[in-house]
Amino acid sequence: MCIFANCFKLKFMDKTIIAGPCSVESREQLRETTEALAKTGQVSLIRAGVWKPRTRPGSFEGLGEPALRWMQELAAEYSVRYCCEVARPEHVELCQQYGIQTVWLGARTTGNPFMVEEICSALRGSGMSVLAKNPMIPDVHLWLGAIERLQAAGITDLTAVHRGFAMYNNHGYRNAPLWEVPLELRRERPDLPILCDPSHIGGQRALVAPISLAAMQLGYDGLMVEVHPHPEAAQSDSEQQITPDELQQLIDLLSTAHRAARNDDERLAAALAPLRQQIDDIDHEMLGLLAQRMRLSQQIATVKQQMQTTVYQPKRWEQVLQDRQQIAAALGLNTDFTKELLEKIHAESVRVQLG
Ligand code: PEP
Ligand code: MN
């Protein structure tokens, strides 16, 4: 059964939209959000945080059980469904008590196998649907591990949520997207739906739309977006929440982009064919050259052995790096990319030489 099978609203195109406030702050705030989101007719589930994991103590930590009571009442009043974050086994039990059928594991929980196991024990046999956010660090195995633990606990309605990664240099994002990590998850688990959380990746309203568009370009199954009726007054994540009207504009923008992409499918494939052929030829040539380069490394290893010197030659490596980066710059290539590529090639060459 699909996680959203019983949801009260249609999906936008074939995508799923989960939206709602970072945290429940009052009955009125939840009611106002719920009414506005129900009106869009395009939101599958309303997200609402009840227990908030805050980086530093002293900030708003969520309202706990009273918020669940309001969720239960408003779910009946507006015929909607809510989901919320669980970080402890007791949270799962309380959610069940108040009729919440879908929960999510936050980034701080997914990365902690002990806590995932404890939550799994509470989830076992519950028939609940679960969303697993990526862990804070870019380790696809940790993410996969949490998903596997949930499956082993009998959870069948499972969805991954990409919310970005905490890095020393986030390149202007709150949490660096590192798209290659969720794409690797998709490669390993093509059966698993994956949603993008542009709010926690961007950390600011202006980034929600471009990140969502990127996610659609990468074939994500939908979005989990933070929506608040008065974002500037929000008690948590105020900078990144958008209004229900802005969510509607975002959905319109994505639907237009999606339609345009669909119409162009065949013409696009035809237009790309000759260019793709050239890319294929270049890749084959590059691989042939790399193989040749590695064979030379092997010969070099023999000479170094005969001359009784070490494999790693820092001066030579420094010269190679400087020279190739200059060439790269002159050719209009990104020098950081060139450096990373050379480091990979050098590491492999050292491995080959070490035998
Ligand atoms: C949230 O969704 O409000 C939240 C705290 O998420 P994350 O675990 O991605 O930080
Ligand atoms: Mn939040």
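Which residue just after H12 takes a positive phi?

Author: Gly332 does, with a phi of about 80°. This is a predicted model, in which local features need pLDDT of at least 70, side-chain atom pairs count only at pLDDT 80 or more, and totals for chains, interfaces and linings use all residues. Residues are numbered from 1 along each chain as its sequence is written, chains are lettered from A and ligands numbered from 1 in the order in which they are written, and side-chain values use heavy atoms, with hydrogens and water left out.

Now the helix itself. Helices are DSSP runs of H or I with at least four residues, numbered from the N terminus. H12 covers residues 314–330, which is 17 residues.

Next, its two sides. Buried means under 20% relative accessible area and exposed means over 50%, with partly exposed in between (1.4 Å probe, protein chains only). In H12 the buried residues are Trp317, Val320, Leu321, Gln325 and Ala328. Seen down the helix axis, these fall within an arc of 120° (taken from the directions from the axis to the C-beta atoms), so they line one face of H12. Helix H13 (335–354) is included in what covers them. On the other side of H12, the exposed residues are Lys315, Arg316, Gln319, Gln326 and Ala330.

Notes. Helices (H or I, at least four residues) and strands (E, at least two) are DSSP runs, numbered from the N terminus. The expected span of a helix is 1.5 Å times one less than its number of residues. Contact means heavy atoms within 4.5 Å.
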